Amino acid sequence: MVLNIDNQSSTKFTVRVQPVTNAKAYEAQYKNGGGWLPAGVFTDSRRIEIGDLTPGTSYTVQIRAVGGSTGYSDWSPPQPCIAT
């Protein structure tokens, strides 16, 4: 589901996901070794921004679709990323 994670900014990731049919929005979460933290709900599958990151730190990101017949999709596979 996650197509690309742009980490060109030192304090945020911009995530692009494969659009899901009938999805109203996309929910994001991330973690840095601890528990999952909510990153927000976004309506644009091409611009999901996860901010307030610490430069040089490794994170894991997951996205799921919101809406449609099931309410929520499964979370995407965890995607590792480093805030540069």
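The side chain of Gln62 makes a polar contact with the side chain of Gln29 at 2.7 Å, where a polar contact is a pair of N or O atoms within 3.5 Å, one of which, within protein, must be able to donate a hydrogen and the other to accept it, and residues adjacent in sequence count only if both atoms are side-chain atoms. The model is a predicted one, in which local features need pLDDT of at least 70 and side-chain atom pairs count only at pLDDT 80 or more, while totals for chains, interfaces and linings use all residues. Residues are numbered from 1 along each chain as its sequence is written, and side-chain values use heavy atoms, with hydrogens and water left out.

Gln62 belongs to strand β6, residues 58-66, strands being DSSP runs of E with at least two residues, numbered from the N terminus. A polar atom of the Gln62 side chain also lies 2.9 Å from the backbone oxygen of Ser76. Gln62 counts as buried because its relative accessibility is 10%, buried meaning under 20% relative accessible area, exposed over 50% and partly exposed in between, with a 1.4 Å probe and protein chains only. Apart from neighbours within four places in sequence, the residues in contact with Gln62 (heavy atoms within 4.5 Å) include Trp36, Trp75 and Pro77.

Ser73 is located in the loop between β6 and β7 (79-82), and at 22% relative accessibility Ser73 counts as partly exposed. The side chain of Ser73 reaches the backbone nitrogen of Ala65 at 2.8 Å, and, with neighbours within four places in sequence left aside, Ser73 is in contact with Met1, Arg64 and Ala65.

Methods: Helix = DSSP H or I, 4+ residues; strand = E, 2+ residues; numbered from the N terminus.
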